[in-house]
Amino acid sequence: MSLTVAIILSSSIYNLLFVPSLAAAQPTSEASALLKWKASLDKQSQSLLSSWTGSNPCHDNWTGIGCSNRAAAAESVVTSIRIQNLNLSGTLSDLDTWSLRNFESLDLSFNSLYGHIPSKIGNMSGLKYLDLSHNYFSGVIPSEIGMLRSLDKLHLTNNSLTGHIPNSIGNITNLTEVLLSGNGLIGFIPNSIGNLRKLVRVDLSRNKLTRPIPPEIGTMSSLKIQYLDLSSNYLTGAIPSSIGNLTNLYFLYLYSNQLSGSIPPELVGATDLIDFEIGYNLITGTIPITFRNFSRLETMSFRVNHMSGPIPDYVANYTNLKELNLGENQFSGLIPPELGKRTALVILNLCSNNLVGSIPQDMNLTEMEVFQIPFNKFSGHLPNTICDSGFLRHLSVHDNFFSGPVPKSFKNCSSLERVRLDGNQLTGNISEDFGIYPELVFIDLSNNSFYGEVSSNWGRCPNLTSLKISNNNLSGKISIELGGATRLVELHLSSNHLVGEIPKSFKRLSSLMNLYLDGNKLCGTIPSELGNLYSLEELNLAKNSLTGPINEYIGDFFKLRILNLSSNKFEGVIPIHIAKLEKLESLDLSENSLAGRLPSQLEDLKTLQTLNLSHNNLSGSIPSCFTQMISLTTVDVSFNQLEGPLPNMRAFEEAPMEALGHNKRLCGKNTGLECPIQAGNQGNKKKVSKVILIILPTLGSLFLLVFMSFIFFYLPKRNPNDANTTQVTQENPFTIWSYDGKMVYESIIEALGDFDSKHIVGVGGHGAVYKAELSMEVLAVKKIHQPEEGETQNLKSFENEIRALTEIRHLNIVKLYGFCVHSRHSFLVYEFLSGGSLRSVLNHMEQAVEFDWEKRVMAVKGIAKALSYMHHDCSQPIIHRDLSSNNIIFDSDWVAHISDFGTARLLKPDSSNWTSFAGTFGYAAPELAYTMEVNEKCDVYSFGVITLEIIMGKHPGDFLTSSQDFEGVSWTEIPDQRLPPPEEQTAEQVQSLVKIAFSCLHQSPHSRPLMRDIALGFSAAAKRITRGNASSFYRAT
């Protein structure tokens, strides 16, 4: 009896929830349901469905509608909707699923549909195929999807779905395909997936799934499943041995997770594996001996783990093997001598291991496209047949002990795109051993023993962007034909024996950013034609025999950051045109024969940090206006004929005596000579006083006349709309919370001596930063540029933004107390941090060494958490827009803080956020070169640059331009050489940070991760470390 009642109640509840009331209306026809949904779409989408007219979709040939006859002689009925790639925009909320309950197929993939997947999708009980992939659906996957018992294929790939995978998915026992990749799904993989015994293909990749892989996954079917992709999640624990039960499995992807433990030998049960990839995890141990039975394997990728032991000899028996990727592990021993004999490898990556010995000379290289074995201990000669395939694109053998000549086949290897032979002991005539490479983009032959001349062939490589041949034994002149490589971005020919003049043909290298010719025997003058290199950022011509004056065209290098002309034979005066280099950070003119006075115009170099003018014949005094070089931290003016007082600024006051010595009569701190007090000052003061007594009354009368004229002519005609702006300035010129505004304003002005430059501690993107020592506390005061004419009407919006910024409360964000908008001074007031900027720390040897790996890892984490807070946890997201190493500030405990919100803007969801460029070159996202639409992904790119800068110890400029896809780049190439290599857990974290940085530097903004994901990854790792699993750490995909 009770069972009958329960069935009746269940039926009633179901009818109430899902069956439309007959009292309300009869079920609508399929045509009416479809027309109603069409009407809910935007107008453009409705026009794309213009064929949807009438009342019979089958008879009227509606676009995307499929029909069939359910019985002989019966009229056709609608059974499917397949509308793909039409860019339809709208939601599914108005789709009458009950009227479409007999549909067998619903395919709306590759459109622009959004909103939630409605729970009423469960009404479409006849569905066998559901594809909503490649849209903008959000929210959770409704649990009602488990009611679709006839469903065969479920495709929801590449949307913005969140929440858990519903446990009810285990009810759809007819499923053969479950594709949920590219969403934001969280939680664990439900155990109920083990009920799906007909599955052939499972793809849950690129989500945020956590916890171990359920062992039930191995019970799905031993006869059916062929494709299993769980990559790019946060899965932990060991690889379940039950996966070995999937005997028909062809493709297994578990890479980019946090899996640990060793590879279970039971996986050999999946003997038909074709593609096996478990890279970017925390896997340990050796390759199981049972793996000798993988006869069909084509791809084996274990890159970036902690695996060890030798490479098994039986790998040579994989006759179908095309890709072997064991890079960045701890494998040791020799390359199996039989490897490659029975198969033609396409990709071989063994980088960053402990492998020794030589490369088997009889390896079959006839299909090789990528050959990467850097950072090992290989020796001997490179294989003679390495380029025989005609397909070789990437060759990286750098940082080994290879010797001997380059293989002869190399000269005609026209398929090459990227080559790194640097850091070996290779020899040979570089003029004869290398040919013309039409596809070559990057080549580095540095730090070898090549000889010969710089061949004209390099000028015939039309796609070459980077040519590095430093530290070899090259001789002769630089070929004028090199100017034909018009796409060159960086040219490094340092530390060779090159002679002659710098070719005038270099004027054609209009894309050149870095030119390093230092350490050669070049002579003559710097050709004026180089003035055409407007993209140049780094120019190093030091340690040559260049002569003549430094020409004034040097001021045309507007983007130049580093200029080194030291150790030459330049004479004449320092050209004032150098002052036009507004972005210059380092200037070295030492060890020349320069004479004359120091040009006062150099005060315009506001970003200059290092100045070396030593070992010249400069005379006169050092201009006092050099105090305007507000970024200057290091100077050397020794061995000149300078005299007089030092400028009153930190760079000179803190300079060591040896940087000031051997001059004529320099006086002041650290010179050993006190500056004399000028005689006659008292008499001068009396004379000045008399002049003031005469002039002041006259000026006073004149001022009064001007003031009365202003009152009479201007005030009556003033625009009444300006009243509010004036009131803001006059009533409370200093708006600062928890303070008496006027009192603090006056205290700051007094403490700074009316903004005397001696109080400057740094420079930001929009003004100088001063240290204000008040009676109770120390503040950082950033004096900002006065608004241009016509900008005062934005004062109120500016104030609102600043108020929002003052509400920020985060450990890693510099506290903004308030601001002042005044006719004389406009400034922002921050808490003062004593540790200095990231840039200054990295530029000082002692501080850089103290800034060890643990501190650097914590700094990156702190910056990530701050950005995550700004982007995702504020009432309205805040974009910084100008992140750089200049505005990452440390406190005394090495805690990193983001500062300088001079360009920050609130990211309003309903605004387009288009703006003028406001970033810092070298940190700004590449898309800002062609669009001014700012979003949080611009900050993500800057975060990637800063992360690499922290790890490398310098700005990664060369690295970014030469490694745009980062393919084949090992993390061991990155770390700052001033520090000892990181060890154990810290090394893992540094390695992970490099990977995160690479993902942030993706050229496509949509492919960059969210700062929330990065910060959450750090937090998850911290919790695991606290629980004792210190080896686990977040890895970005």
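Predicted model: local features only at pLDDT ≥ 70, side-chain atom pairs only at ≥ 80, totals over all residues.
## Nonpolar cores

The largest nonpolar core of the model comprises 184 residues, and those with the most contacts inside it are Phe291, Phe371, Phe434 and Trp458. At least two residues of this core come from each of helix 2 (30–40), strand 2 (77–82), strand 32 (449–454), strand 34 (473–478) and helix 5 (650–653). Helix 2 gives the most to this core, namely four residues. Apart from this core lies another, made up of 53 residues, including Val841, Val934, Phe959 and Met1011.

In soluble globular proteins, nonpolar side chains tend to be buried together.

## The surroundings of Phe291

Phe291, one of the residues with the most contacts inside the largest core, has 0% relative accessibility and therefore counts as buried, the cut-off being under 20%. When its neighbours within four places in sequence are set aside, Phe291 is in contact with Ile263, Pro264, Leu267, Val268 and Phe276, and also with Met300, Phe302, Tyr314 and Tyr318.

## Aromatic pairs

The structure holds 22 aromatic pairs. In one of them, the ring centres of Phe291 and Phe294 are 4.7 Å apart and the ring planes stand at 65 degrees, so this pair is classed as edge-to-face, for which the angle must be over 60 degrees. Phe294, like Phe291, counts as buried, because the relative accessibility is 0% for Phe294 and 0% for Phe291.

Phe755 and Tyr770 form an aromatic pair that is also edge-to-face, with 5.1 Å from centre to centre and 80 degrees between the planes. This pair links distant parts of the chain, 15 residues apart: Phe755 belongs to the loop between helix 8 (741–751) and strand 51 (760–764), whereas Tyr770 belongs to strand 52 (residues 767–773). Phe755 counts as buried because its relative accessibility is 8%, and Tyr770 counts as buried because its relative accessibility is 6%.

Ring pairs also join Phe410, Phe434, Tyr437, Phe450 and Trp458 into a cluster. Phe434 and Trp458, both members of this cluster, are among the residues with the most contacts inside the largest nonpolar core.

Technical notes:
Residues numbered from 1 in each chain as written. Heavy atoms only, no water. Core = buried A, V, L, I, M, F, W, Y, C linked by side-chain atoms within 4.5 Å. Buried < 20%, exposed > 50% of the residue type's maximum accessible area, 1.4 Å probe, protein only. Contact = heavy atoms within 4.5 Å. Phe/Tyr/Trp six-rings, centres within 6.5 Å; stacked < 30°, edge-to-face > 60°.
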